[in-house]
Amino acid sequence: MDFAGPDARELATDMSDSLWQAVKKSISDNTRYHLRDYRLARLSGGNINQAWHLSDREKQYFVKTNRGDLLYMFEAERAGLEEIHQSQAIRVPEVIGCGAVANHSFIVMEFLEIGGIADDSLLAHQLASMHRCTRDQFGFHIDNTIGSTAQINTNDESWVEFWRTQRLGFQLDLAVKNRLDREMIARGEALSEVVAQFFSSYRPVASLLHGDLWSGNWGADNGGNPIIFDPACYYGDHEADLAMMELFGQPGRRFFDAYDEVFSIDAGYTTRRDLYNLYHILNHANLFGGHYSSSARNLIDKLLAAV
Ligand code: ADP
């Protein structure tokens, strides 16, 4: 973690005073701690928001800020972090509050030193325990975002329907709006018709998922204890989290063996891994275009050939 910012006084003139007054008030309303002579340092690392280290002599906090109309993103992040926290399976930062003032929105949480290397077995066991928190319906009580794209989480008893409409279908509709490759979209729609075939001998349960588990969203404290953050939570097939860990990252050698000890991984996972990662590739195609559209097309063709 770099403390990339200039000194506190310089930043205070950059940023709206009312924003930091609101952050201070959120901390004192929610924890009864009154920050004194605080320092602010801009942190590098976030993709979507501005990240800050806020501290005084006694306490330190992690704050993310963005435009005022994007408060819903922080509210959804808060809901996800709280859901994972309640699972007691794996560490997430504790949220203190979020809010909006003038043209700014913010979320403030405990500051965690995320500088260590996660112990593979511990990470696997803790994630599998989180995934063992299940409920009846797929979805979540709040919509959230994946990158900056909306992610719809309307409850559904059928995983196939949920994934087909709210994940694959939603991204294909966006691809139409964004005028991506028509042939890719047509092939994607053909895939949508046969999604059920990937589940002919496998019935997923609705597990609590992080939802955006690329390598930039998990780490560890200096003792190797895993920490996950920046979730896009919903209840879904646990394989979706595992797939994304492999798409943008490489969990260590012992990870899958250890995971399997707590939550067994079905033999068909490697085929469905492509199906689940197609969602993220399509999202990247919608956000960034470029080669992601042809990657999506290749993945769709591979999946169509597998049914
Ligand atoms: P964004 O929403 O912009 O993608 P992240 O939530 O991923 O931002 O946070 C940006 C970076 O800040 C992360 O890569 C991580 O290293 C660090 N970070 C996240 N949460 C905390 C925290 N509670 N305490 C300290 N550092 C954090």
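This is a predicted model: local features need pLDDT of at least 70, side-chain atom pairs count only at pLDDT 80 or more; totals for chains, interfaces and linings use all residues.
A polar contact is a pair of N or O atoms within 3.5 Å; within protein, one atom must be able to donate a hydrogen and the other to accept it, and residues adjacent in sequence count only if both atoms are side-chain atoms.

Numbering runs from 1 along each chain as its sequence is written, and side-chain values use heavy atoms, with hydrogens and water left out.

**Ligand surroundings**

The ligand is surrounded by 17 residues (a heavy atom within 4 Å counts as near). The closest are Asn-49, Lys-64, Glu-110, Leu-112 and Asp-230. Ile-48 also takes part, with a polar backbone atom 3.1 Å from an oxygen atom of the ligand. Leu-112 places a polar backbone atom 2.9 Å from a ligand nitrogen atom.

**Two domains**

The domain assignment, which is automatic or from a database, gives domain 1 (8-110) and domain 2 (120-306). The contact (heavy atoms within 4.5 Å) takes 19 residues from domain 1 and 25 residues from domain 2. Taken over C-alpha atoms, the domain centres are 28 Å apart.

Together the two domains bury about 1,600 Å², 73% of it on carbon and sulfur atoms. Buried area here is the accessible area (1.4 Å probe) lost when two parts are put together, summed over both. Between the domains there are 3 residue pairs in polar contact, both residues at pLDDT 80 or more. Helix H3 (residues 71-87) gives the most to the domain 1 side, with 11 residues. Helices are DSSP runs (H or I, at least four residues), numbered from the N terminus.

**Salt bridges**

Side chains of opposite charge can pair when their charged atoms come close. A salt bridge is a side-chain nitrogen of Lys or Arg within 4 Å of a carboxyl oxygen of Asp or Glu. The structure holds 13 of them, and the count between domain 1 and domain 2 is 1.

| Salt bridge | N to O distance |
|---|---|
| Asp-29 and Lys-25 | 2.8 Å |
| Asp-69 and Arg-67 | 2.9 Å |

Asp-29 and Lys-25 are separated by about one helical turn because they sit 4 residues apart in helix H2 (residues 17-31).

Terms used
Helices (H or I, at least four residues) and strands (E, at least two) are DSSP runs, numbered from the N terminus.
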